[in-house]
Amino acid sequence: MDLSAQRAKLIEHLVKCGVLKTKRIVDAFKEVRRDLFVANETLQYAYHDIALPISNSSTISQPSTVAIMLELLQPYQGEKILEIGTGSGWETCLLSKCVGEKGRIISIEIDPEVEEFARSNIKKMKLKNIKTFVGDGSGGYSKLAPYDKIIFTAAIPKVDQTVFAQLNPKGRVVAPVGGSLLQIMKVFDRVSETKIEVRDYGTFQFVPLRGKLGY
Ligand code: SAH
């Protein structure tokens, strides 16, 4: 089966099992080809529902995990979103499609080589609403705050006030929180100036966050 048929089959599977639900997120999956973001050596596995290595400490995330996170984040047209852990840039481009031309995606990656890989991948998509940076995003990226939403694509021990302070009113953070081996997916909603509501969504395994507030 060629890659485009495999892509259609994977998306159909994610929709059928209820992981992908929202039309604009399903459309983003259709528009952003994962095979453009994987390492050459793993091209044949681009549409297997597994994470794939892109460097010693980075992976392109598993498609079903990305779908779950985007469904929890609910990126809307026009929003400004911070992604911490650019990785391959695949999820960055999915987010970009969801927020549309009037939205903005800011993505920060700690590993300069991975950021360069992501930038060259993102270029292929000709998207104008993405900015990537090299740096430690464990405490967010206050320079360009506030954000409507913040997504951590690496495991984090704890989301703290430094990050919540970078959210707009009614803002949301989605992050895998816990130990470096196993985490719980958490959704944090800013419901007032001082109050954050938290919901839990199952266990996951992400690469650990490095940097000041990492492991
Ligand atoms: N969603 C991405 C996968 C990202 S893997 C994709 O599908 O391609 C997590 C990424 O977080 C790795 O690239 C890792 O280098 C990066 N990372 C780890 N600690 C970080 C930190 N403190 N700040 C920014 N990025 C970090």
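View 1. Buried means under 20% relative accessible area, exposed means over 50%, and partly exposed lies in between (1.4 Å probe, protein chains only). This is a predicted model: local features need pLDDT of at least 70, side-chain atom pairs count only at pLDDT 80 or more, and totals for chains, interfaces and linings use all residues. Residues are numbered from 1 along each chain as its sequence is written, and side-chain values use heavy atoms, with hydrogens and water left out. Arginine 190 lies in strand S8. Helices (H or I, at least four residues) and strands (E, at least two) are DSSP runs, numbered from the N terminus. A polar atom of the arginine 190 side chain is 2.6 Å from the backbone oxygen of leucine 167. The backbone oxygen of glutamate 193 is 3.3 Å from a polar atom of that side chain. These are polar contacts: pairs of N or O atoms within 3.5 Å, where within protein one must be able to donate a hydrogen and the other to accept it, and residues adjacent in sequence count only if both atoms are side-chain atoms. Leaving aside residues up to four places away in sequence, arginine 190 touches Phe164, Leu167, Asn168, Pro169, Lys170, Gly171, Lys195 and Ile196. Contact here means heavy atoms within 4.5 Å.

**View 2. Serine 192 sits in the loop between S8 and strand S9 (196-204).** Is serine 192 buried or partly exposed? Serine 192 is partly exposed, because its relative accessible area is 33%. Its side chain reaches the backbone nitrogen of lysine 195 at 3.1 Å. Glycine 171 is 21 residues away from serine 192 in sequence; C-alpha to C-alpha, they are 9.6 Å apart in space.

**View 3. Strand S7 pairs with S6 and with S8.** Strand S6 (residues 147-152) runs parallel to strand S7 (residues 167-178), joined by four bridges. Two strands pair if DSSP finds at least two bridges between them. Isoleucine 150 stands opposite valine 173 in S7. S7 and S8 are antiparallel, with seven bridges. They form a hairpin, with four residues between them. Arginine 172 faces aspartate 189 of S8 as its opposite residue.

**View 4. Strand S3 is covered on both faces.** Five of the five residues of S3 (residues 80-84) are buried, so this strand is largely enclosed by the rest of the structure. In a regular strand, side chains alternate between the two faces of the sheet. Lys80, Leu82 and Ile84 are on one side of S3, with Ile81 and Glu83 on the other. S3 runs parallel to strand S4 (residues 104-109), with five bridges between them. Glutamate 83 has serine 107 of S4 as its bridge partner.

**View 5. The largest nonpolar core holds 44 residues.** A nonpolar core is a set of buried Ala, Val, Leu, Ile, Met, Phe, Trp, Tyr and Cys residues joined through side-chain atoms within 4.5 Å. Which residues have the most contacts inside the largest core? They are Leu20, Phe29, Leu70, Trp90, Cys93 and Leu94. Helices H1 (3-16), H2 (23-31), H3 (63-73), H4 (90-99) and H5 (112-123), along with strand S8 (183-190), each supply at least two residues of this core. Beyond residues up to four places away in sequence, phenylalanine 29 touches Arg7, Ile11, Leu14, Leu20, Pro63, Val66, Ala67, Leu70, Trp90 and Leu94. A second, separate core has 19 residues, including Ala154, Ile156, Val173 and Phe188.

**View 6. Helices H3 and H4 are mostly buried.** Ten of the eleven residues of H3 are buried, among them Pro63, Met69 and Leu73. Glutamine 74 follows H3 and has a positive phi, near 50°. In H4, nine of the ten residues are buried, so the helix is largely enclosed by the rest of the structure. Its buried residues include Trp90, Glu91, Cys93 and Val99. After H4 comes glycine 100, with a positive phi near 70°.

View 7. A side-chain N or O atom of serine 58 is 2.6 Å from a ligand oxygen atom. For serine 88, a side-chain N or O atom is 2.6 Å from an oxygen atom of the ligand. A polar side-chain atom of glutamate 109 lies 2.6 Å from a ligand oxygen atom. Taken alone, the ligand exposes 580 Å², and the protein buries 99% of that. Accessible areas come from the Shrake-Rupley method with a 1.4 Å probe; for residues, only the protein chains shown count as cover.
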